[in-house]
Amino acid sequence: MSIINLNVKPGETRTEELNIAKLHNGTDLKIPVIISRGLEDGPCMLLSAGIHGDETNGVEIVRQIIRNGFHIPQRGTVICMPVVNVFGFISQTRDFPDGRDLNRMFPGTKNGSLASRFAYSIMEEIAPHIDYCIDFHTGGAMRFNYTQVRLDIKNQETLELAKVFGTKFIIDAENRDKSFRDALTERGKKVLLFEGGKSLNLDRIVTQIGIQGAMRVMHHLNIRDFSKELSAKTYPLEKQVFVEKSSWVRAKESGMYRNKKRLGEKVVKGDVLGTISDPFGTFEIELIAPNDGYIICTNHAPIVYEGDAVVHITTKITEDF
Ligand SMILES: [Zn+2]
């Protein structure tokens, strides 16, 4: 198997840097790619994180998978890219150094913008080798996502894999135009997008659920037998909820925000989700649930502006599927 000009033999693990472009100070724009090949043939799984440079929790999930040796397959190949947007990671920002969102630049072009060229290289060098991808994300900024897998329901195999992954919420989210997931799906790859936690944060539970989900999927695909590891320290699986639609409850006023409900909790129409107040004790208003549903994301920002997305609630779900 030859990938990024690197010959990886059965049973071998090699690390190579995908060298893409230079920054204005001459620094090479390159990302480490860890490739592990099993002794037997089988499918190729990509575990990627950090397309958004500040989504550290995804990086931590892939890092722990590598650190524990869970990326070493018995069959097939596992490719790990723990930090795709390395420069966003250095500057702890979501975007690419040219100000673009890398996850809106796929499949990219050879002579396009810096982010577009970067996306193009990943599609040329990595994508052709893979069959499956789990792409790890977190909520943007202070928005904390309950662990969830997003997929396009039109693809039955990804739904099956999401059930195996085991997050409480499985969310039908059509591929965003020009996202990594969109570009891979166009090429026939099966992609699960994991969301959990918030930016610039590490959450132990989110990390464990991400790791164990990836192990379950690899076990299911016969890449490696994880039955021992999974029986020893599995995070308890919750009853799964399929989310067809959801919507944000927005702040009616600017002010300081306090949550009243737990993330992942089921609320009923009229429940008080939280309160917003000014700092001087003049007013305090309640944020009310507009419908029954589960809270799948909560904004942890202590201060919100009028119109800010504060609580993300499901509006159409299936509980037995
Ligand atoms: Zn993201």
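Trainee: Which residue lies over the face of Y146?
Mentor: K168 does, at 5.7 Å from the ring centre. Keep in mind that this is a predicted model.

Trainee: Y146 again, then. Which pocket has Y146 among the residues nearest its centre?
Mentor: The second largest pocket. Nearest its centre are Y146, T147, I205, I209 and E238. In total, 13 residues line that pocket.

Trainee: Which elements give two or more residues to that lining?
Mentor: β8 and α6, the latter spanning 204-220. The largest share comes from β8, with four residues.

Trainee: What's the volume there, and how does the lining split by class?
Mentor: The volume is about 260 Å³. The lining of this second pocket has eight nonpolar, two polar and three charged residues.

Trainee: Now the largest pocket. How much space lies in it?
Mentor: About 630 Å³. It is lined by 30 residues. Closest to the centre are R104, N145, R150, R176 and E195.

Trainee: And by class, what is that lining made of?
Mentor: Here the count is 12 charged, 11 polar and seven nonpolar residues.

Trainee: Which element gives the largest share of it?
Mentor: β11, with five residues. β11 covers 241-250. Other elements giving two or more residues include β7 (132-139), β8 (143-151) and β10 (190-198).

Trainee: Where does the largest pocket lie relative to the domains?
Mentor: Between domain 1 (2-238) and domain 2 (246-318), because both give residues to its lining.

Trainee: Changing topic. How many aromatic pairs does a search of the whole structure find?
Mentor: Seven. One of them joins F106 and F180. Their ring centres are 4.8 Å apart, with 40° between the planes, and the pair counts as tilted.

Trainee: What does that pair tie together?
Mentor: Parts that are 74 residues apart in sequence. F106 lies in the loop between α2 (86-91) and α3 (114-125), while F180 is in helix α5, residues 180-186.

Trainee: Is F106 buried or exposed? And what about F180, buried or exposed?
Mentor: F106 has a relative accessible area of 2%, so F106 is buried. F180 is at 3%, so F180 counts as buried too. The cut-off for buried is under 20%.

Trainee: Last one. Which residues form an aromatic cluster?
Mentor: F136, F165 and F194 form one. Find those three rings in the viewer next.

Methods: Residues numbered from 1 in each chain as written. Predicted model: local features only at pLDDT ≥ 70, side-chain atom pairs only at ≥ 80, totals over all residues. Heavy atoms only, no water. 1 Å grid on protein atoms, 1.4 Å probe; cavity = no way out; pocket = protein on both sides within 12 Å on 5 of 7 lines; lining within 4 Å. Points joined across faces, edges and corners; volume = space filled by probe spheres on them. Nonpolar A, V, L, I, M, F, W, Y, C, P; charged D, E, K, R; others polar. Domains from an automatic or database assignment. Phe/Tyr/Trp six-rings, centres within 6.5 Å; stacked < 30°, edge-to-face > 60°. Buried < 20%, exposed > 50% of the residue type's maximum accessible area, 1.4 Å probe, protein only. Lys NZ or Arg CZ within 6 Å of the ring centre and 35° of its normal.
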